[in-house]
Amino acid sequence: MMKYHLILLFGIVLFSGSIEAQEDYTLSGYLKDASSGETLIGANIFDLNNQALGTSSNAYGFYSLSLPAGEYQLVASYLGYNNSIIEVLLDSDQKLDIELSQGVVMEEVTITAAEAEKDQNVESTQMGKVELPVESIKKLPALLGEVDILKTLQLLPGVLSAGEGGSGFYVRGGGPDQNLVLLDEAVVYNTGHLLGFFSVFNADAIKNTTLIKGGMPAQYGGRLSSVVDVQMREGNNKHYQVDGGVGIIASRLTVQGPIQKDKSSFLVSGRRTYALDLAQPFLRGGNFEGTNYFFYDFNTKINFKLSDKDRIYLSGYFGRDVLNFKQPARDFFFDLPYGNTTATLRWNHLFTDRLFMNVSAIYNDYQFAFKGGQEDFIFELKSAIEDINLKVDFDFYPNPTHSIKYGINTTYHTLTPNTATAMNDDIDFSSGIEPKYALETGLYVQDDIKVNPALSLNVGVRFSIFNQLGPFTSGLDGQVYETNEIVQTYTGLEPRASLKYSLGKDLSLKAAVTYANQYLHLVSNSSSTLPTDIWVPSTEVVKPQTGLQYAAGIFKNFQDAMWETSIELYYKDLNNQIDYADDYVQNIGVDEEQAFVFGEGRAYGAEFFLRKNRGKATGWVGYTLAKTERSFEDIEGGRWYPAVYDRLNDLSVVLNYEINQKLELGASFVYGTGRWFTPYESFYFIEGNIAPEYGPRNSSQIEDYHRFDVSLTYTPKADDAKKFKSSWNLSFYNVYNRKNPFFIYYDAVIDREIGTTQLEAFKVTIFPIIPSITYNFKWNQKAK
């Protein structure tokens with residue numbers, strides 16, 4: 001009776017009577033990698049003779065397929081793997097785990113690639129969804145040889161870089177805080193190292209990355225623009241494996257293997273930079289002795305198969321940037337440590353062959369600190385955000401035409417703004433700004449429905465509740481709220497719907513509408529995200545952001561899905577957007593809310609995508625034509641102006657070419673319209689100092705951005721029988737040495753001959769052509 005109670009709790013009816021009357025039986029299990037035992041996310045299993053009878057594995061590799069009694073030839077497929085044909089006599093409920101081997105060659109049975117992969121981009125109801133296997137990401141050129149998942153996302157249409165070399169990104173006109181970035185379900189609030197030039201994701205520890213930029217399913221909430229769902233590897237449960245690499249600025253090492261073969265495994269992965277460590281002997285005795293910078297990441301994961309129905313996963317991430325700057329001669333120093341910590345505990349349970357449950361307990365914490373001083377003066381600045389999250393999700397598969405998900409998620413937020421303290425001899429100062437607390441809860445239900453062979457729907461709804469909690473003293477009326485007392489409550493109903501209509505096996509039309517609420521906000525006074533930017537909750541002053549996005553597209557494949565093409569159009573309305581007023585001057589002793597202004601935004605555009613999936617040459621071309629604008633009543637009377645990340649034209653070309661079994665070429669070219677900024681219009685002097693007058697908000701543009709990168713990977717021994725394999729990767733960032741502007745600054749230029757002073761704009765560039773070389777290696781206890 002428990003399964004009926006759980007389902008009816010969310011208003012879903014189990015059609016058990018009709019299922020039994022039709023003599024349907026269920027085939028269920030896990031789809032896995034044959035060499036490592038890793039589960040495969042989004043792998044397909046379907047009837048060879050009727051592709052409408054099929055399903056995909058969930059985020060844990062579980063599938064469930066209910067069919068009428070009979071004999072079937074089922075195809076299991078996954079991108080980059082050999083297809084598997086399974087002959088099944090279905091006369092009872094059965095469990096079957098299926099292992100797929102990497103490769104492209106079929107044995108015994110030959111079917112077309114279109115049948116094997118089911119033209120997923122055409123057949124899926126989901127719009128704007130891109131899966132990026134880590135092995136594909138590793139083939140692309142990388143800044144200083146560091147493979148970066150987020151920089152690869154920036155090469156997709158509709159995704160823009162936050163700036164030269166940065167890992168921050170904007171999706172379809174949304175701000176950087178409107179992207180939900182998850183690592184094993186834990187929210188990552190700051191995704192960058194080295195002020196954003198590298199992402200926190202070590203590719204060796206990552207299994208899969210999914211970007212959703214349109215038609216966001218109801219299971220995701222709390223953000224307006226996109227989801228980047230990153231899943232860590234589970235660890236090889238068949239044999240021990242070591243992966244690593246040594247580059248010019250960093251090295252990394254990953255160790256994984258079975259705790260108990262086929263039942264449990266572990267993974268430990270680390271990465272650290274050392275460029276300035278190597279410079280320490282040259283700094284000794286000089287003006288900067290003791291100055292150093294490095295960052296590191298540490299990922300770990302263990303999992304246990306307790307029974308056929310129960311599995312437990314425990315994963316964690318810890319990363320830090322550490323900057324120490326010293327000038328002993330001036331008795332001056334500052335320290336800048338910041339970073340993320342996450343931990344995720346998950347329990348999978350099968351109630352029946354058709355009902356899968358996952359319970360997660362998640363902790364995440366982002367800490368920023370600055371400490372500096374000179375002689376007797378010491379100054380400290382701290383900010384943080386901490387979440388404790390509990391969630392329960394269900395996957396229910398009543399029959400091949402319905403795939404139902406529902407669940408509940410609640411998060412307790414603690415947000416500490418920029419809290420400052422200072423000391424000078426016996427004088428102490430503290431800003432006295434207290435943390436803010438909130439409880440955010442979401443309930444959702446969604447159903448992926450195959451109405452008929454041509455028409456599929458995904459409909460869902462999410463209901464969100466956000467409570468600001470005490471202790472808190474109102475800035476409006478002075479009322480004092482005690483611990484956990486509700487200060488302010490916001491609720492929101494968020495309908496989501498998408499549809500797909502097939503015009504043939506390789507052509508479909510899609511449309512989607514998504515409404516979302518966002519209760520946490522990142523407010524920045526710069527053109528890109530920095531570790532000093534602060535997150536603030538919705539309060540009695542700050543209202544939740546809301547977004548409504550419409551999207552439509554046409555998807556077409558050619559030559560048995562060798563070529564994928566798509567055109568997507570979107571329009572997005574954004575409300576309660578937040579910015580600083582024109583006359584904002586940072587004051588660490590005043591609550592930031594007093595400096596905010598509120599307005600609206602709109603974004604619209606067209607995305608064109610062409611990808612080649614097979615052959616010696618693979619890759620894609622993506623082009624976006626878009627417009628992004630903001631309007632604030634308190635900024636120039638509500639004039640619509642381009643957002644700083646508005647980019648009319650954005651082009652990416654990506655190529656991988658297998659020269660031979662030992663050599664592989666990777667290349668990418670990017671072009672984008674110049675970023676907007678607010679120029680100086682005039683200036684005057686106050687007590688001998690220049691005071692500028694600004695022009696209209698974002699009324700000037702820097703030069704257009706373009707860059708070409710190339711890499712060459714050499715694998716000395718292309719022999720699958722060898723336990724130890726290695727490769728060398730040589731890459732060049734910014735091959736033709738384009739001087740792309742990083743930012744513009746103004747300085748006074750004095751003409752002493754005629755006695756005039758003018759302000760002139762100067763361009764700052766930071767990345768010339770940068771070569772790098774990386775040695776990568778892999779050791780398998782059991783070679784293929």
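Modeller: Start at D560, in the loop between β36 and β37, the latter spanning 563–580. Keep in mind that this is a predicted model. The backbone at D560 stands out: phi is near 55 degrees, a positive value in a residue other than glycine. Most residues other than glycine have a negative phi. D560 has a relative accessible area of 35%, so it counts as partly exposed.

K556 belongs to strand β36, residues 545–558. Its relative accessibility is 23%, which makes K556 partly exposed. Which residues does K556 touch, leaving out those up to four places away in sequence? They are V122, D506, L507, W563, E564 and T565. One of these partners also meets K556 through a polar contact: the side chains of K556 and D506 pair at 3.1 Å.

Next, R602. Its side chain meets that of E629 in a salt bridge, 2.7 Å from N to O. R602 sits in strand β38 (residues 596–612) and E629 in strand β39 (residues 617–632), so the bridge ties together parts 27 residues apart in sequence. How covered are the two ends? R602 is partly exposed, because its relative accessibility is 25%. E629 is buried, at 11%. Elsewhere, salt bridges with shared partners join D184, E185, K301, R346, K391 and D393 into one network.

E185 counts as buried, since its relative accessibility is 15% and the cut-off is 20%.

Another backbone feature is a cis peptide bond. The bond from G470 to P471 has omega near 10 degrees. P471 is in the loop between β29 (455–469) and β30 (472–473). Most peptide bonds are trans.

D97 and K32 form one, with their closest N and O atoms 3.9 Å apart. This pair links distant parts of the chain, 65 residues apart: D97 is in the loop between β7 (94–95) and β8 (98–100), while K32 is in strand β1 (residues 24–33). D97 is partly exposed at 38% relative accessibility. K32 is buried, with a relative accessible area of 11%. D395 and K405 make another bridge, at 2.5 Å between the closest N and O atoms. D395 is in strand β25 (residues 377–399) and K405 in strand β26 (residues 402–424), so here the tied parts are 10 residues apart in sequence. D395 is buried at 8% relative accessibility. K405 is buried too, at 18%.

Then the nonpolar packing. In soluble globular proteins, nonpolar side chains tend to be buried together. Here the largest nonpolar core has 41 residues. L156, L183, F201, I206 and V228 have the most contacts inside this core. Elements giving it two or more residues include β9 (129–133), α5 (134–137), α6 (149–153), β16 (206–212) and β21 (292–305).

Beyond its neighbours within four places in sequence, L183 is in contact with V188, F201, I206, V230, M232, N299, Y317, T342 and T344. A separate core of 23 residues lies apart from the largest one, with L182, Y338, F368 and I385 among its members.

Last, the whole chain. The protein has seven helices and 51 strands. Of its 784 residues, 53% count as buried. Take contacts between residues at least 6 apart in sequence: 64% of them join residues at least 24 apart.

How values were computed
Residues numbered from 1 in each chain as written. Predicted model: local features only at pLDDT ≥ 70, side-chain atom pairs only at ≥ 80, totals over all residues. Heavy atoms only, no water. Core = buried A, V, L, I, M, F, W, Y, C linked by side-chain atoms within 4.5 Å. Buried < 20%, exposed > 50% of the residue type's maximum accessible area, 1.4 Å probe, protein only. Helix = DSSP H or I, 4+ residues; strand = E, 2+ residues; numbered from the N terminus. Contact = heavy atoms within 4.5 Å. Polar contact = N/O pair within 3.5 Å; in protein donor to acceptor, adjacent residues only side chain to side chain. Salt bridge = Lys/Arg side-chain N within 4 Å of Asp/Glu carboxyl O.
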